[in-house]
Amino acid sequence: MIRCIIVDDEPLAHDLVSTFCKRLPHLEVVAQCYDALEALEWLNSNKVDLIFLDLNMPKLKGFEFLRTLQNPPKVIVTTAYKEHALEGYELAIEDYLVKPFGFERFLKAVNKAIRSTSFEAPKAEISEEEQKSVSRFFVKGEKEYHQVNPEEILFVEARGNYAALFMKEGEILIHEKISDLEELLPGSDFMRVHRSFIVSIDKITTIKGDIINIRNHEVPIGQTYSKTIREVLLKR
């Protein structure tokens, strides 16, 4: 479970973010603070994984608050002001949501935050079941959002601005580019083998010539990827 706090002086913003968080079972809002000083006091005695942070708040501005934190957690900025985006990225925030934002954009920011490598550092502090929950992410299908467990993915195929997830049980067509999915999938478990294909390494049955077999599927190996596959997978 990913512990989150909301730091914003607007009640409506709290309502929106908390409503979106409730749609994602791996997020838990553990505190809602209405100014940065309140958040600082809470963080002095509590740990959190992710902060949804407004910038234009009384007493102490959002970035000023962020600079006071010695070991800040992941931060997703939520603000009505686009002009501060560059400063935010210099402070290594995960994403920058400009109000008003919808659930799809919120979801992309959360997926980006929880799949970043530094988030996975405290593995020893959480249970195996909680770690599996953290590794999951949500993607937009035709009419609903799908929670995806990377362990269930066999391979991914690009289809223009869409992608097909070939799972252990069936196929899911989603509104995601393969490049975006490549960022979400753990690099130690998945490999790009073609401009249109990403495979789950441990699901590979055989590799013969320029074809990877996964169960009853054949996945082509792109010419520009073949050398890397030989060096990493075949080790020769």
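E169 sits in the loop between β9 (162-167) and β10 (170-174). Helices (H or I, at least four residues) and strands (E, at least two) are DSSP runs, numbered from the N terminus. This is a predicted model: local features need pLDDT of at least 70, side-chain atom pairs count only at pLDDT 80 or more, and totals for chains, interfaces and linings use all residues. Residues are numbered from 1 along each chain as its sequence is written, and side-chain values use heavy atoms, with hydrogens and water left out.

E169 counts as exposed because its relative accessibility is 73%. Exposed means over 50% relative accessible area, buried under 20%, and partly exposed in between (1.4 Å probe, protein chains only). Together with E151, E152 and D189, E169 forms a patch of negative charge on the surface. Patches take residues with over 30% relative accessible area and no salt bridge; like charges are joined within 9 Å, nonpolar side chains (Val, Leu, Ile, Met, Phe, Trp, Tyr) within 5 Å. Asp and Glu count as negative, Lys and Arg as positive; His and the chain ends are not counted. Each charge is placed at CG of Asp, CD of Glu, NZ of Lys or CZ of Arg. Areas come from the Shrake-Rupley method with a 1.4 Å probe; for residues, only the protein chains shown count as cover.

Most residues other than glycine have a negative phi, and most peptide bonds are trans. The bond between K99 and P100 is cis, with omega about -5 degrees. P100 belongs to the loop between β5 (95-98) and α5 (103-115).

K59 is not a glycine, yet its phi is positive, near 75 degrees. K59 lies in the loop between β3 (50-53) and α3 (62-67). With 66% relative accessibility, K59 is exposed.

## The β14-β15 hairpin

β14 and β15 form a hairpin with 2 residues between them. R215, in the loop between β14 (211-214) and β15 (217-220), has a positive phi of about 55 degrees. The strands pair in the antiparallel sense over 4 bridges; pairing requires that DSSP finds at least two bridges between two strands. I212 stands opposite V219 in β15.

## Salt bridges across the chain

The count of salt bridges is 11. A salt bridge is a side-chain nitrogen of Lys or Arg within 4 Å of a carboxyl oxygen of Asp or Glu. K99 pairs with E10 at 3.7 Å, N to O. This pair links distant parts of the chain: K99 in the loop between β5 and α5, E10 in the loop between β1 (2-7) and α1 (11-22), 89 residues apart. E10 is partly exposed, at 39% relative accessibility. K99 and E10 also belong to a network of salt bridges with D8 and D54.

E94 and K74 meet at 3.4 Å, N to O, in another salt bridge. E94 lies in the loop between α4 (85-90) and β5 and K74 in strand β4, so the pair ties together parts 20 residues apart in sequence. Both E94 and K74 are buried. K140 forms a salt bridge with E104, with the closest N and O atoms 3.2 Å apart. K140 is in strand β6 (residues 137-140) and E104 in helix α5, 36 residues apart. K140 is partly exposed at 27% relative accessibility, and E104 is partly exposed at 39%.

I76 lies in strand β4 (residues 74-79). Its relative accessibility is 0%, so I76 counts as buried. I76 and L50 are 26 residues apart in sequence and 7.5 Å apart in space, C-alpha to C-alpha.
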